[in-house]
Amino acid sequence: MSERTLLFTPGPLTTSATVKAAMLRDFGSRDARFIQIIAEIRTQLVALGTARPAEWTCVPMQGSGTFGVEGTLGTLVPRGGKLLVAQNGAYGRRLVDLAQRLGIETQTLVWPEDAQVDPAAIDAALVADPAIDVVACVHSETTSGILNPIAAVGAVVRKHGKILIADAMSSFGGVPLDLDTAGIDALVSSSNKCIEGVPGFSFVLVKRALLATCAGRARSVSLDVYAQAAELDRSGQFRFTPPTHVLAAFHQALQELAAEGGIAARHARYLANRAELLAGLARLGLQTWLPPALQGPIITSVRYPDDPRFDFPAFYAALAARGFTLYPGKVSQANCFRVGTIGQLYPADYTALCAAMADVLRGQGIDLAT
Ligand SMILES: Cc1ncc(COP(=O)(O)O)c(C=O)c1O
């Protein structure tokens with residue numbers, strides 16, 4: 001019944017048959033087993049992020065990752081407060097868009113898409129403007145695949161006594177990260193990234209003491225992280241219709257993460273996927289957009305071949321017809337496509353992908369390796 005599709009994308013991504021099978025049961029939103037599933041998800045996500053679970057809470061929010069980020073900014077940034085965004089890609093830009101639409105005064109520090117954000121510049125900005133309350137930064141910038149030095153950013157933000165919101169959408173669960181050590185106050189991720197569930201909700205890991213100060217602050221009813229947490233703590237239930245099947249699948253995905261050996265083992269598999277991909281690209285004569293030292297394990301941007309015969313839409317379609325789904329590029333300064341290394345994919349899948357890419361390129365008359 002379940003056909004294995006290979007999505008070389010950063011989510012929705014390839015999920016296991018057992019994660020999909022977990023969605024075959026219907027739950028009522030007040031079903032005792034379903035309420036238990038929510039509670040277990042919250043507890044297990046906190047445990048993945050911190051060794052001090054009593055100080056943290058997990059707040060699942062309906063909607064995709066952006067909904068969680070919007071809710072977090074709108075709930076945590078004080079009314080009349082000021083936000084600093086460290087931006088080196090499209091998701092950093094989205095943080096700015098969301099904050100501005102929420103009416104939050106926002107300062108932006110911008111780096112090129114092939115450079116990490118620089119904690120020293122964030123330090124200088126916080127020295128220059130003590131009115132900044134909150135700093136927001138993307139951990140894995142999915143635009144390019146770069147990993148930002150989030151712990152170094154956290155150290156700077158903590159030194160100034162400010163709050164750090166990390167958009168760890170594409171990295172949480174796939175890259176080891178201790179929230180306390182990294183100096184993060186709130187982290188946002190979603191169901192269809194490194195935990196390898198299906199799309200449908202985001203979740204916020206936030207310090208209880210911080211969230212406790214945010215009653216009535218949210219700029220939105222449905223994206224009020226404080227109110228969502230309060231209802232979950234009170235009744236164990238979402239405030240509004242929960243994505244029942246998605247939560248059941250995610251609960252199964254968490255068991256599978258544990259069975260794989262936790263975040264360290266999953267990170268190792270993603271690194272092995274990336275190593276196989278990079279070796280295959282090198283054999284094909286294709287170049288990555290980022291230098292190897294900056295290339296994260298989540299997604300890799302690949303430059304279009306420098307050949308006038310290269311036709312990306314045809315390349316994409318031919319690979320898709322063979323069962324390999326790539327991800328179009330997002331970096332703004334170069335023509336690239338992207339290859340995700342997360343999801344239920346293994347090094348052998350990258351060997352097969354690179355062989356298929358070689359074939360399709362040859363079909364376009366391109367043989368870069370020779
Ligand atoms: C770093 C980052 N932030 C935010 C988002 C937005 O998430 P969504 O598309 O689920 O709204 C994504 C999506 O890939 C992402 O990679």
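The largest nonpolar core has 109 residues, and those with the most contacts inside it are Val-135 and Leu-205. Such a core is a set of buried Ala, Val, Leu, Ile, Met, Phe, Trp, Tyr and Cys residues joined through C-beta atoms within 7 Å, where buried means that 20 or more other C-beta atoms, placed from the backbone, lie within 10 Å of a residue's own. Helix H10, residues 244–260, supplies the largest share of this core with 8 residues; helices are DSSP runs (H or I) of at least four residues, strands are runs (E) of at least two, and both are numbered from the N terminus. Because domain 1 (17–259) and domain 2 (262–363) both give residues to this core, it lies between them, the bounds coming from an automatic or database domain assignment.

This is a predicted model, in which local features need pLDDT of at least 70 and side-chain atom pairs count only at pLDDT 80 or more, while totals for chains, interfaces and linings use all residues. Residues are numbered from 1 along each chain as its sequence is written.

Elsewhere, an open sheet of 3 strands runs in the order S11-S14-S13 with antiparallel pairing, two strands being paired if DSSP finds at least two bridges between them. Strand S11 (299–303) and strand S13 (327–328) stand at the edges with a single partner strand each, so one side of each is left without a neighbour in the sheet. S11 pairs with strand S14 (residues 336–340) over 5 bridges, and Ser-301 stands opposite Arg-338 in S14.

The ligand, finally, is surrounded by residues including Ser-64, Tyr-91 and Asp-167, a residue being near if its C-beta atom, placed from the backbone, lies within 6 Å.

Note on methods: A residue is buried if 20 or more other C-beta atoms lie within 10 Å of its own, exposed if 12 or fewer, and partly exposed in between; C-beta atoms are placed from the backbone.
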